[in-house]
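This report describes selected features of one structure. The sequence and the model come first.

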Amino acid sequence: MRLGEASDPLLTVGFNRRFAPHTAKIKALIECTSAPKAFILTVNAGALPGDHWLRSDDQGGGRILGEACHYIDLLRHLAQSPIHHYQAAFAQENMGVTDDVVTITLSFADGSLGTIHYFANGHRRFPKERLEVFCEGRVLQLDNFRSLRGMGWPGFRQMRLRSQDKGHSGEMKAFLESVSCGGPPPIPLDEILEVARVTLAINHMRRGGAMDES
C-alpha cells in the first residue's frame with residue numbers, strides 16, 4: 001500500500017531484469033527505431049534433480065512458472081508491444097515432457113519476434129543468460145548482465161559492469177519511490193497480468209494443452 005493512502009493499493013512482482021542497467025541501455029537504443037526487432041534469449045539454466053522443490057507442483061510450480069516467466073517479461077518489456085501469439089516446444093525425456101528444455105516463441109503486436117531457449121542440458125562454462133537483439137542491420141549482445149556489445153549502433157560499442165547486476169536493487173528503489181512519492185507502479189499492471197497469462201498458458205501446453213494460442 002502507498003504511505004498514507006490505505007485505499008490505493010500498489011502491486012508489483014519480482015520481474016527484476018527489466019530494471020537492470022543493461023536492460024535500460026538496450027531499451028534506450030532500440031527505442032530510436034520503430035522497425036520490428038528480433039530477440040534471441042538463451043538461458044543456460046543448469047540441471048536440477050527431479051525432486052527439487054522448484055520442480056514440484058505444490059511448491060515451486062515448475063521451471064516455467066518459477067523461472068521462465070522472468071524472460072517472458074524481459075522480452076515484453078523490451079518490445080514495448082503486447083504479446084500477440086506464443087508457442088512452445090518441449091523436449092521429451094524418458095517418454096515424458098520435460099519443463100527445463102523448452103523453446104518459447106513470442107510474436108508481438110508491432111511485428112517483433114522473440115525466442116527464448118530455456119535449456120538445462122548445457123555446460124556451466126557457457127553464459128547463463130545471453131540476449132541478442134537484431135534490428136535494422138544492427139545487433140546487441142548481452143552476456144550475463146555484465147557485458148553489452150553493440151554492432152552497427154552509432155556512438156555505442158560496449159557497456160561493461162564490474163559485477164553482475166540483474167536489476168534487484170533497481171526494482172526495490174523504484175518500488176520504494178512509488179510507495180513514498182506516489183505515481184505509477186514500477187511495472188504496469190496490464191503487463192504483469194499479460195505475462196502471467198502467457199506463462200500460465202505455456203505451462204499448460206507442457207501438460208498437454210493447445211500448442212499455439214493467442
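## Basis

The model is predicted: local features need pLDDT of at least 70 and side-chain atom pairs count only at pLDDT 80 or more, while totals for chains, interfaces and linings use all residues. Residues are numbered from 1 along each chain as its sequence is written, and side-chain values use heavy atoms, with hydrogens and water left out.

## Helix α1

Helices and strands are DSSP runs, numbered from the N terminus (helices: H or I, at least four residues; strands: E, at least two). Buried means under 20% relative accessible area, exposed over 50%, and partly exposed in between, with a 1.4 Å probe and protein chains only. In α1, the buried residues are H22, T23, I26, K27, L29 and I30. They line one face of the helix, because they fall within an arc of 165° seen down the axis of α1; the arc is that of the directions from the helix axis to the C-beta atoms. An α-helix has 3.6 residues a turn, so residues three or four places apart point the same way.

Contact means heavy atoms within 4.5 Å. The buried residues of α1 pack against β1 (38-44), α2, β5, β6 (138-143), β7 (147-151) and β8 (158-160). T23, in α1 (residues 21-30), has a relative accessible area of 2% and is therefore buried. Beyond its neighbours within four places in sequence, T23 contacts R17, R18, L74, H77, L78 and F145.

## Nonpolar core

A nonpolar core is a set of buried Ala, Val, Leu, Ile, Met, Phe, Trp, Tyr and Cys residues joined through side-chain atoms within 4.5 Å. The largest has 43 residues, of which I26, I72, I104, L106, L131, L140 and I202 touch the most other members. Helix α2 (residues 63-79) supplies the largest share of this core, nine residues.

With neighbours within four places in sequence set aside, the contacts of L140 include I26, L29, I30, L131, V133, W153 and F156.

## Cysteines

A disulfide is a pair of cysteine sulfur atoms within 2.5 Å, and the count by this rule is zero. For C135, the closest cysteine sulfur is that of C32, 9.8 Å away and so too far for a bond. C135 is buried at 4% relative accessibility, and C69 is buried at 10%.

## F126

F126 lies in the loop between β4 (113-119) and β5 (129-135). Its relative accessible area is 38%, so F126 is partly exposed. Not counting residues up to four places away in sequence, F126 touches T42 and N44. F126 and N144 are 18 residues apart in sequence, with a C-alpha to C-alpha distance of 9.9 Å.
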